[in-house]
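Me: I am new to this structure and would like a close look at one part of it. Please take me through it slowly, in plain words.

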Amino acid sequence: MAKSTTKNVSVNEAFDVEKIKRFTEQELAKLASNSNDLPLCYQMGTDVLVGDYRVLKIDDKTWRVVEKGLQLFDFFNRKDAIFYCIA
């Protein structure tokens, strides 16, 4: 059975986490801007991507809707914030 190891391999040669993160964000942005009947909804940790919007968890009682880095509205529950983005 083959054994995976990273001994004697530099960090740059093993894999580049930032490169993977940038690729993932680019692909999600492509999917989010795709004009289908309903927007893409994708959960990333506690945040939710809904089309071009991002719903950020501020605390247990506050969810913020952001579009392209600009704060739009704060909501008191996640469901209302997501419905706003879909509408």
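How many salt bridges does the structure hold? Please start there and then show me what surrounds them.

Reply: Happy to. The structure holds 3 salt bridges, where a salt bridge is a side-chain nitrogen of Lys or Arg within 4 Å of a carboxyl oxygen of Asp or Glu. Before we visit them, please keep in mind that this is a predicted model, in which local features need pLDDT of at least 70 and side-chain atom pairs count only at pLDDT 80 or more, while totals for chains, interfaces and linings use all residues. Residues are numbered from 1 along each chain as its sequence is written, and side-chain values use heavy atoms, with hydrogens and water left out.

The protein has 3 helices and 5 strands, taken as DSSP runs (helices H or I, at least four residues; strands E, at least two) and numbered from the N terminus. Reading from the N terminus, their order is α-α-β-β-β-β-β-α.

Let us begin with Asp74 and Arg64, whose side chains meet in a salt bridge with an N to O distance of 2.8 Å. This pair links distant parts of the chain, since Asp74 lies in strand E5 and Arg64 in strand E4, 10 residues apart. How open are these two partners? Asp74 has 37% relative accessibility and Arg64 has 23%, so both count as partly exposed, a class that sits between buried (under 20% relative accessible area) and exposed (over 50%), using a 1.4 Å probe and protein chains only.

Strand E4 is also the place of Thr62. Thr62 is buried, because its relative accessible area is 17%. Setting aside neighbours within four places in sequence, Thr62 is in contact (heavy atoms within 4.5 Å) with Leu56, Lys57, Asp74 and Phe75.

Asp60 counts as exposed because its relative accessibility is 68%, whereas Lys57 is partly exposed at 33%.

The remaining salt bridge joins the side chains of Arg54 and Asp47 at 3.9 Å, N to O. Here Asp47 counts as buried at 18% relative accessibility, while Arg54, at 31%, counts as partly exposed. Arg54 also has a link to Val48: leaving out residues up to four places away in sequence, Val48 touches Tyr42, Gln43, Tyr53, Arg54, Val55, Arg78 and Ile82.

In soluble globular proteins, nonpolar side chains tend to be buried together.

Cys85 is buried, with a relative accessible area of 6%. Its sulfur lies 8.2 Å from the closest cysteine sulfur, in Cys41, which is too far for a bond, because a disulfide is a pair of cysteine sulfur atoms within 2.5 Å. By this rule there are 0 disulfides.

Back on strand E5 (residues 70–75), we find Phe73. At 42% relative accessibility, Phe73 counts as partly exposed. Together with Leu72 and Tyr84, Phe73 forms a nonpolar patch on the surface, with about 250 Å² of accessible area in total. Patches here are made of residues with over 30% relative accessible area and no salt bridge, with like charges joined within 9 Å and nonpolar side chains (Val, Leu, Ile, Met, Phe, Trp, Tyr) within 5 Å. Accessible areas come from the Shrake-Rupley method with a 1.4 Å probe, and for residues only the protein chains shown count as cover.

Finally, look at the loop between E4 and E5, where Lys68 sits. Lys68 is not a glycine, yet it has a positive phi of about 50°. It counts as exposed because its relative accessibility is 71%.
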